[in-house]
Amino acid sequence: MMIRTGMGYDVHRLTDNRDLILCGVKIPYEKGLLGHSDADVALHALADALLGAAAMRDIGYHFPDTDQTYAGADSRVLLRRVVELIVGEGFSINNVDVTIVAQRPKLLTFIPQMIENVASDLDIPSRCVSVKATTTERLGFEGRGEGISALAVATLSDSGSCRE
Ligand SMILES: Nc1ccn([C@@H]2O[C@H](COP(=O)(O)O)[C@@H](O)[C@H]2O)c(=O)n1
Ligand SMILES: C[C@@]1(CO)OP(=O)(O)OP(=O)(O)OC[C@H]1O
């Protein structure tokens with residue numbers, strides 16, 4: 001059995017008149033994230049980490065932002081589709097770790113629900129899911145409140161080896 005690791009990174013702009021949705025949780029805030037889908041930056045980074053570990057391209061490849069099918073899409077639906085794709089190739093998910101970089105709002109109280117959503121969508125125990133938040137001490141675009149970024153790492157198991 002081989003352990004495979006993938007990483008994902010995504011950024012979305014904060015703007016007026018949009019919802020702020022992170023790991024499927026709607027967060028009360030004066031701004032939201034702009035995107036073709038619901039712009040759940042954390043789930044996009046996670047989806048890319050999973051696809052990266054499987055060497056199966058990225059979410060923009062599977063769900064192009066030129067396709068109206070995905071306009072306003074719920075990123076949890078996209079994430080579950082990514083899980084179907086990687087499981088269909090014989091991979092199983094070991095654990096994931098997501099970091100959300102946001103100066104505001106404070107996310108601490110929403111983290112347990114985020115973990116529950118991700119564990120449910122990935123069909124793994126919540127002890128195998130980590131979601132964290134950090135500020136940038138007001139530095140950079142996240143620190144100025146212009147956007148939110150997210151990073152994710154995922155490990156998968158497969159039955160073979162990259163060298164076979
Ligand atoms: N949007 C955020 C950012 C951070 N947190 C929590 O605060 C802790 C301290 O953040 P620093 O950036 O100063 O390290 C961090 O460890 C998180 O627990 C948060 O809830 N929401
Ligand atoms: C999720 C998709 C779906 O169309 O759209 P966006 O919400 O714009 O998100 P992004 O991370 O920029 O790119 C992936 C897209 O394909």
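**Exercise 1.** Find how strands S5 and S6 are joined, and which residue of S6 pairs with Thr99.

*Solution.* Strand S5 (residues 92-101) and S6 run parallel and are joined by six bridges. Strands here are DSSP runs of E with at least two residues, helices are runs of H or I with at least four, and both are numbered from the N terminus. Two strands pair if DSSP finds at least two bridges between them. Thr99 has Lys132 of S6 as its bridge partner.

The model is predicted: local features need pLDDT of at least 70, side-chain atom pairs count only at pLDDT 80 or more, and totals for chains, interfaces and linings use all residues. Residues are numbered from 1 along each chain as its sequence is written, while chains are lettered from A and ligands numbered from 1 in the order in which they are written.

**Exercise 2.** Sort the residues of strand S6 by face.

*Solution.* Strand S6 covers residues 129-134. On the covered face are Val129, Val131 and Ala133. Ser130, Lys132 and Thr134 are on the uncovered face. In a regular strand, side chains alternate between the two faces of the sheet.

**Exercise 3.** Decide whether Ala54 is buried or exposed, then list its contacts.

*Solution.* Ala54 sits in the loop between helix H1 (41-53) and helix H2 (59-62). Ala54 has 22 C-beta neighbours inside 10 Å, so Ala54 counts as buried (20 or more other C-beta atoms within 10 Å; exposed means 12 or fewer, partly exposed in between; C-beta atoms are placed from the backbone). Leaving out residues up to four places away in sequence, Ala54 touches Arg4, Ile86, Glu89, Phe91 and Leu156 (contact: C-beta atoms, placed from the backbone, within 7 Å).

Technical notes. Contact = placed C-beta atoms within 7 Å.
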